[in-house]
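Reader: Hi, can we walk through this one together? I'm new to reading structures, so please keep it plain.

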Amino acid sequence: MTPIREYRWTLASSDRSSESSPATQEMVKKLSDELNISPVLAEILVRRGIDTFERARTFFRPTLKDLHDPFLMSGMDRAVERVVHAIAEKERILVFGDYDVDGTNGTALLWTFLKSLGADVRYHIPDRIKEGYGISQAGIERAKQLGIQLLISVDCGITAGKQIEQARNLGIDVIVCDHHEPGDSIPAAYAVLDPLLPSCQYPFKDLCGCSVAFKLIQALSRHESLRSSADGDEDNFPKQYLDLVTLATIADIVRLTGENRVLAKQGLELINSNPRPGVHALIETSGLKLGSITAGQIVFVLAPRINAVGRLGDAGRAVELLTCDSYTRALQLAQVFEEENRNRRKIDEDTFLEAQELVEKFLDVENEGAIVLHQETWHPGVIGIVASRLVERYYRPTIMMTTVDGVAKGSARSVAGFDIYKALKRCEDKLVQFGGHKYAAGLSVEIDRLDEFKEAFRMVANELLTDELLTPEIRIDAEISLQELTPKFVRILSQFAPFGPGNMRPVFIARGVELYGQPRIVGKNHLKFKVKTNGQVFDAIGFGLGGLMEKLNNGGRTIDLAFSLDEGEFAGETVPQLKIRDLKQGDE
């Protein structure tokens, strides 16, 4: 059971003095009037950069025309010409993807598109344990054996300088499609597509790896020699691939703003109306309902199943499912994913319990800035998941490592405000290699330098982590009276979806509400109760918040609620359901 902890409640407007300015207030009023929406919702939009009618139009009704020109990405012209040449000359192409959702979906997307153009194309997903992350020497050797002349990486490659040099020496050109931070030097590939390249002027920097591959097919579909394949509609031609792009975008936890929002919102419509057989089968076997798939269900239901086959075995099975033409065959494959996910969850739970025991026995979490654990028997396919669970439980940056081929390899996960990639960089002299993002990274350490690394990382964490960073924060978008939660308010708020980083589901405060009736615990420690204000009664539920029952035991006292809103239905009308994030007694 996750311990109940105290949270900081931070009102979003309190750290932006300009928001109370007359100009900002006028902007909120103007947007509220133009859109005919609540001033509270208009204020939230303005705070998220949606401060004009046109930006609101793009936010609520994005189209593919809102996407940036793919040729704005550095290296795109060169990449397109090389792929066009390979297709024309019947060269053999290999799509080399990572083994996670981003990489496998990107591989499926690029392979399917190139196949539709008549290309001689294969794909390769590295074995997580035998080859490890990214372009490997073994992968390059396999490409040579297959007679590959052009290799296109997806969701990896930006730090694979040595491997790409090896490929060049073997006569294989490489195009990199990646979105990770470049190292000190850029690989000498034929073309490098990565919006984070210092030289890249592409306007949107938060694409996932699959989306970079999508920009490549978008550019290819505009090429003169391939335009006929686009059925005369170069803007809508790539739309059929947006289910893959959306799965990758949402699963990779990139910012759901700008171009990502366009892709995800359009892609969710495709997933819910006409998904490809593999995606449809995955929805069916996981027990979800086609037509109502949300971003949250992708993160917590669909993505783990795609990842599971790569965590416990051959991730190439994910590409096989996603490229499957037959729904009957896709259902057979999806059943395998279901079984693998059950196995993964069992290993995950056993590993979590072992890790938790180590933390409780050997670490003083209250006085430690970070958790760093190593156990040579842990399965490398689940340590990233377990690291995330430890962060959730102890709210400390966490590194979980196991032993692979005599080297400690692991995954790092962080808390809000602590850049774990930069923290690892300060310890890079102790590492074999590392890479990743602000809140998630991978690393390798020589076994005999493990203690040295642990100490170095803990020192960096202790130096950078403040008491404030180690106290989880609930950011409140607005204070509101429950009377304002009309069916229209709830309906418009639902159109803020898809929710994710950069566009989180808004959180509200309601103060001084009256507890109504008797609260109870339901399911697995979920707190369920009703609140009343001015004669109106609202249902509320706090998932996993049974420990807060004590604060509700003194009936008659008022409470302050931090909550988000879900839609419910009563008597044919949309009604709000309060999803409680935290609560305080009225006099706290």
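Author: Let's start with a definition. Angles under 35 degrees count as roughly parallel, over 145 as roughly antiparallel, 65 to 115 as roughly perpendicular and the rest as oblique. Axes are lines fitted to C-alpha atoms, for helices over the stretch in contact, and angles run from 0 to 180 degrees between N-to-C directions. Helices (H or I, at least four residues) and strands (E, at least two) are DSSP runs, numbered from the N terminus.

Reader: And what kind of model is this?

Author: This is a predicted model: local features need pLDDT of at least 70, side-chain atom pairs count only at pLDDT 80 or more, and totals for chains, interfaces and linings use all residues. Residues are numbered from 1 along each chain as its sequence is written, and side-chain values use heavy atoms, with hydrogens and water left out.

Reader: OK. How do helix 14 and helix 15 lie to each other?

Author: The axes of helix 14 (residues 327–362) and helix 15 (residues 383–394) come within 9 Å and cross at roughly 50 degrees. The two helices are therefore oblique to each other.

Reader: Which residues of helix 14 and helix 15 make the contact?

Author: Contact means heavy atoms within 4.5 Å. From helix 14 they include Arg344, Asp348, Thr351 and Phe352; from helix 15 they include Ile385, Val386 and Arg389. By class, the contact of helix 14 with helix 15 has seven nonpolar, two polar and six charged residues. Ala, Val, Leu, Ile, Met, Phe, Trp, Tyr, Cys and Pro count as nonpolar, Asp, Glu, Lys and Arg as charged, and the others, Gly among them, as polar.

Reader: Is Thr351 buried or exposed?

Author: Thr351 has 4% relative accessibility, so it counts as buried. Buried means under 20% relative accessible area, exposed over 50%, partly exposed in between (1.4 Å probe, protein chains only). Thr351 touches Trp378, Val382, Val386 and Met400, leaving out residues up to four places away in sequence.

Reader: New topic. How many residues of helix 2 are buried?

Author: Seven of the nine residues in helix 2 (residues 39–47) are buried. Among them are Val40, Leu41 and Arg47. The buried residues pack against helix 1 (22–35), helix 3 (53–60), strand 13 (478–479), helix 18 (487–494) and strand 14 (508–522).

Reader: What does strand 14 pair with?

Author: Strand 14 runs antiparallel to strand 15, with six bridges joining them. Val522 stands opposite His526 in strand 15. In their hairpin, with three residues between the strands, Gly523 takes a positive phi near 55 degrees.

Reader: Which residues are on the covered face of strand 15?

Author: Leu527, Phe529, Val531 and Thr533. His526, Lys528, Lys530 and Lys532 form the uncovered face. Strand 15 (residues 526–533) also runs antiparallel to strand 16 (residues 536–542), over seven bridges.

Technical notes: Two strands pair if DSSP finds at least two bridges between them.
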